[in-house]
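Okay, thanks for coming, everyone. Have a look at this one with me.

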Amino acid sequence: MPAAPSESAAPAHPASPATPPPEAVLPPRAPEAPAPGTRLGSHYEHCFGCGPQHPAGLRIDAVAGTGLDVTAEFTVRPEHQGGPGLAHGGLLTTAMDETLGTLNWLLHVPAVTGRLETDFLSPVPVGSTLHLRAWITGAHGRKIYSAAEARIGGPAGPVAVRARALFIQVKLEHFTKHGRPEDIEKVLDDPDLMQRARTFEVNP
Ligand SMILES: CCCCCCCC/C=C\CCCCCCCC(=O)SCCNC(=O)CCNC(=O)[C@H](O)C(C)(C)COP(=O)(O)OP(=O)(O)OC[C@H]1O[C@@H](n2cnc3c(N)ncnc32)[C@H](O)[C@@H]1OP(=O)(O)O
């Protein structure tokens, strides 16, 4: 039987790449950031996380907070099951990813998820409404650190999911270069498919 890998060489509690290092600072809320209380809507109509045109999507519509934070709600539907009557864990991670992603609008920079860590604290039954909150914890260079939590039933309900993330700032070409050409074409033909993302084009 092969020997179990030795853990003695690794530090007992290695620092997570999603935790802001000492040199990270809290960035300012961008002048272009949506006003507190603004519904952020969808960045892309067909997005699994926020798109209203996605049949099984999460349809997350976050609200900008007063600082570097957002809130959102997500009701788990039967098409989101993992175990019978329970939300799939990867789907809950998607809800965290989407909510964390909307923090981009507060800094007014496009960024993508580089790393996302999720802790599942309790099962989430179908029909539950999760109250999500995400906030920026620091930034350094192109790296944006953030955290999120999802509470069941209300903003003060029990925490069911926690997440920490490292987003990396990218140029808009990240999307045009890597996206499937026919989908990029459709967006260029009908910019309403990406209403929220169009704010980037005003001040490129
Ligand atoms: C007409 C069209 C118009 C289009 C307009 C579009 C607007 C859209 C608007 C809004 C969309 C928002 C969508 C939100 C959706 C929810 C969020 C998601 O799910 S996003 C999808 C999942 N994520 C990915 O697909 C990333 C895939 N990965 C990559 O593309 C690259 O790896 C990327 C960009 C993340 C980094 O690559 P590099 O070459 O640019 O940079 P490097 O040097 O590798 O990393 C920069 C720094 O970050 C660290 N880093 C990167 N990844 C890391 C990791 N996983 N862990 C730790 N550190 C990491 C590196 O160590 C480096 O650090 P050091 O500067 O050297 O200190």
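I'll go through the ligand shell, then the core, then the database annotation.

Quick housekeeping: this is a predicted model, so to speak, where local features need pLDDT of at least 70, side-chain atom pairs count only at pLDDT 80 or more, and totals for chains, interfaces and linings use all residues. Residues are numbered from 1 along each chain as its sequence is written.

So, what surrounds the ligand? There are 24 residues, and the closest are Pro17, Gly101, Gly114, Phe175 and Ala197; a residue counts if its C-beta atom, placed from the backbone, lies within 6 Å of the ligand. By class we get twelve nonpolar, seven polar and five charged, with Pro among the nonpolar types and Gly among the polar ones. Helices H1, H3 and H4 and strands S3 and S6 each supply at least two shell residues, and S3 gives the largest share, four. Those are DSSP runs: helices are H or I, at least four residues, and strands are E, at least two.

Now the largest nonpolar core, at 39 residues. That's a set of buried residues joined through C-beta atoms within 7 Å, buried being 20 or more other C-beta atoms within 10 Å. Ala95, Met96, Leu103, Leu132 and Ala150 have the most contacts inside this core, and S6 provides its largest share, six residues. Leaving aside neighbours within four places in sequence, Met96 touches Leu116, Thr118, Ala148, Ala150, Val161 and Ala163, contact meaning C-beta atoms within 7 Å.

Key: Buried ≥ 20, exposed ≤ 12 C-beta atoms within 10 Å, placed from the backbone. Contact = placed C-beta atoms within 7 Å.
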